[in-house]
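Hi there,

Here is the structure I promised to pass on to you. Have a look at it first, and then read my notes below.

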Number of protein chains: 2
Amino acid sequence: MPTSNTKGGIPIASEIISIGTELLLGNILNTNASYLSRKLAEHGLDLYYITSVGDNPERLINTIKEARQRSKIIITTGGLGPTSDDITREAVAKAFNVPLKTSPTMVKQIEDFFHQRGKTAPECNKKQAQYPEGGRLLINPMGTAPGFMIEDSACTLFALPGVPGEMKAIFEDKVSPELQRYQKNNIIHSRLLRVFGLGESQVESILHDIISSQTNPTIAPMAQTGEVILRITCKEKTKEKAELLIRDLQEKIQARIGNYIYGYDDDTLETVTADILMKRGKTISTAESCTGGLLAHRLTNIPGSSSFYYGGIVAYSNDLKERVLGVKKETLRKFGAVSEEVAVEMVRGLLKIYPADLALSITGIAGPGGGTTEKQVGHICIAYKTIDEEISTAVKLFKDRMQNKEAAANHALHLILNYFKKEDA
Amino acid sequence: MPTSNTKGGIPIASEIISIGTELLLGNILNTNASYLSRKLAEHGLDLYYITSVGDNPERLINTIKEARQRSKIIITTGGLGPTSDDITREAVAKAFNVPLKTSPTMVKQIEDFFHQRGKTAPECNKKQAQYPEGGRLLINPMGTAPGFMIEDSACTLFALPGVPGEMKAIFEDKVSPELQRYQKNNIIHSRLLRVFGLGESQVESILHDIISSQTNPTIAPMAQTGEVILRITCKEKTKEKAELLIRDLQEKIQARIGNYIYGYDDDTLETVTADILMKRGKTISTAESCTGGLLAHRLTNIPGSSSFYYGGIVAYSNDLKERVLGVKKETLRKFGAVSEEVAVEMVRGLLKIYPADLALSITGIAGPGGGTTEKQVGHICIAYKTIDEEISTAVKLFKDRMQNKEAAANHALHLILNYFKKEDA
């Protein structure tokens with residue numbers, strides 16, 4: 001039995017085996033393992049290993065045999081297709097020392113599937129009706145390839161397909177209910193706090209004493225493009241207890257950096273901004289130069305965005321800034337296209353096109369070209385205009401074009417959010 | 001010595017060990033492992049296992065010991081920071097059965113680093129000057145934490161930091177030259193062919209005989225949002241030989257579906273479209289409704305896009321379609337905002353705003369709301385207008401909002417690409 005530092009309950013070790021040579025060539029990311037990791041944590045199971053292994057019988061059998069010696073729960077993904085490369089069924093049977101069995105019902109289903117399409121089922125497809133004796137098939141609601149499970153005194157193994165949608169469907173339908181049997185011990189519960197406007201080292205130094213003295217829940221800061229995520233992780237017997245402890249800690253953090261926390265968990269700047277706009281029945285419009293439509297794209301990713309987003313102008317050329325937004329030639333000449341002055345004229349012009357509650361503009365040097373000694377790559381100007389305010393600001397961002405577009409859009413969203421938050425107060 | 005099906009040369013088995021509890025919680029994707037997988041393949045090394053393991057000494061030591069028994073090259077990432085959670089140095093030393101040694105030069109560097117910032121180096125940071133006896137430190141050009149390597153009769157292990165930028169910097173600088181010693185056997189070389197306009201099953205059925213008869217190179221089709229990628233993989237002694245075999249196979253494929261192949265390897269529809277526009281000195285503009293700025297965003301991701309992309313209108317509301325693009329109220333009423341008629345009026349209005357060589361518009365129902373029995377979610381209309389053509393088309397896409405935006409932008413880019421390709425001929 002593996003050791004564990006959980007308090008109370010018997011820790012159940014689990015592991016994931018990802019099967020497929022494509023994972024070892026680096027062409028695809030192992031998103032299945034991330035999904036299953038989160039799910040196992042939600043079930044309160046300790047995950048100790050994730051192993052990726054290719055379509056090689058010897059190595060796969062050894063990997064499963066070893067997992068059997070150290071983990072109570074094993075989940076495999078991949079290798080359940082009809083071709084000769086698909087060796088998971090055989091490997092599991094060998095590792096569990098049982099023969100393969102064929103399900104006549106499943107053979108019939110496969111034959112019917114092909115028959116309905118006016119074809120005869122290829123012999124190889126019937127392979128998909130096989131499973132290790134003593135186990136049982138797990139019906140796939142989304143495809144022909146079923147998964148299977150097998151249990152003996154050492155462990156329980158669930159074999160799922162590699163196609164993410166099918167893997168998730170079988171996990172939710174069949175595996176999740178089975179795992180509840182083991183859910184006697186601690187649950188790992190976590191919450192993300194999303195911070196904008198402070199760097200990772202600033203967050204760490206402000207919260208240093210809290211971070212270093214915490215053991216359960218723990219706090220881990222992670223830097224992302226232009227934002228910092230604080231992950232609070234708690235291990236407790238019940239969700240209620242974990243949530244209580246997380247809430248206590250969250251309040252301590254909020255007392256120090258609450259102004260910089262814009263959201264939680266899966267929130268993004270655009271979802272939070274959209275929420276406040278929809279709640280207050282407010283509308284916005286955008287005029288983008290260097291972000292080139294990214295801000296509009298992120299806003300319109302939100303279902304129902306037509307209720308708060310009028311639309312926008314991607315004014316990439318000076319010509320368009322003049323002709324559509326009415327920016328003066330003189331202003332462009334005197335201050336340059338990347339200037340707070342031009343940003344302000346852009347929002348004024350935008351408001352004339354239609355009367356949104358807030359019009360916002362962005363102009364900047366995304367890079368890699370276009371920088372000067374005075375205004376370097378990453379120099380971004382943002383302005384917004386409402387009935388009572390006309391504000392412009394300049395920020396210095398990064399060296400990389402994509403990061404600059406992303407971070408400039410983040411800054412813009414944060415300005416919109418803060419304006420309507422302030423109105424709320 | 002592990003078995004391998006490479007021809008000629010002694011196969012060198014390698015494996016990757018990713019260290020860090022965060023990998024087992026599913027919050028982050030293991031992009032380090034993908035990067036290293038590709039690099040090992042480029043060096044002609046067979047990668048057999050990728051293992052993710054948490055910050056637990058016992059499990060980490062066991063994982064390294066086991067790797068030593070089966071692989072000649074081991075690369076670890078993570079666990080090299082200054083805190084007590086960072087246990088890679090100790091674990092490697094134990095698995096190699098040697099004590100830890102401290103580099104006085106590195107201690108001095110760490111002290112200097114803090115000194116320059118007016119601080120005293122915390123005791124814990126000096127941990128980063130340690131490495132297993134018999135090994136040596138690998139200087140980190142991007143941060144304070146160095147990596148290290150150690151070699152004995154069984155294997156060579158490289159320990160790299162977990163921060164992707166630092167990991168890559170040390171790999172390129174220090175590890176890559178070391179790996180060239182082992183580069184006696186076959187190189188894995190691959191090429192991606194990017195297909196637009198055919199589904200995965202169509203590609204498979206057209207190429208069935210080629211796919212099933214090929215052993216080296218092999219062909220694997222992979223479906224992505226609205227496109228299909230064919231991966232050709234070849235194992236040969238030299239890059240030249242591999243490229244020759246890949247080219248032969250590529251020609252066979254091109255003879256059948258050449259019209260649908262728009263690019264190779266890292267090409268995207270936007271990079272290929274941008275290339276042809278820049279080469280021909282042509283300009284385009286866009287009017288987007290349902291894609292909400294995504295098309296503009298993707299075009300302006302290309303450095304230098306200001307030379308071919310004038311700008312665009314994100315005409316999300318009917319009001320904006322009328323007032324900025326001059327779409328007639330009558331057309332909107334009679335055919336609806338999602339109609340080829342409205343798409344055509346949008347490009348006509350767009351061309352009046354400025355005379356780009358090609359003006360393109362998209363209007364559609366991205367979902368989840370807005371569908372009717374007649375026009376369901378995923379119903380998208382695209383039009384473009386040039387000096388000699390005015391074309392509109394309707395496509396039926398998916399159920400998901402994000403997929404619909406992405407795929408609609410793909411269709412638009414493909415139309416632009418084909419127009420200018422045709423002009424080329």
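**Where the chains meet**

Strand β2 (residues 46-53) of chain B runs antiparallel to β2(A), and five bridges join the two. Strands pair if DSSP finds at least two bridges between them. Helices (H or I, at least four residues) and strands (E, at least two) are DSSP runs, numbered from the N terminus. In this pairing, A:Val53 stands opposite B:Tyr49 in β2(B).

Before you go further, please note that this is a predicted model, in which local features need pLDDT of at least 70, side-chain atom pairs count only at pLDDT 80 or more, and totals for chains, interfaces and linings use all residues. Residues are numbered from 1 along each chain as its sequence is written, while chains are lettered from A and ligands numbered from 1 in the order in which they are written.

How many residues of chain A are in contact with chain B? There are 53, and they meet 53 residues of chain B; contact here requires C-beta atoms, placed from the backbone, to lie within 7 Å. On the chain A side, β2(A) gives the most, with seven residues. That side divides into 25 nonpolar, 21 polar and seven charged residues. In this grouping, Ala, Val, Leu, Ile, Met, Phe, Trp, Tyr, Cys and Pro count as nonpolar, Asp, Glu, Lys and Arg as charged, and the others, Gly among them, as polar.

B:Thr31 sits in helix α2 (residues 31-42) of chain B. Leaving aside residues up to four places away in sequence, B:Thr31 touches A:Leu29 and B:Pro164.

In α2(B), B:Thr31, B:Asn32, B:Tyr35 and B:Lys39 meet B:Pro164, B:Met167, B:Lys168 and B:Phe171 in α6(B). By class, this contact has four nonpolar, two polar and two charged residues.

**Backbone details in chain A**

The peptide bond from A:Asn216 to A:Pro217 is cis, with omega near 0 degrees. You will find A:Pro217 in the loop between α7 (200-213) and β10 (218-224) of chain A. A:Asn97, though not a glycine, has a positive phi near 60 degrees. A:Asn97 counts as exposed because it has 9 C-beta neighbours inside 10 Å.

Happy exploring!

Note on methods: Two residues are in contact if their C-beta atoms, placed from the backbone, lie within 7 Å. A residue is buried if 20 or more other C-beta atoms lie within 10 Å of its own, exposed if 12 or fewer, and partly exposed in between; C-beta atoms are placed from the backbone.
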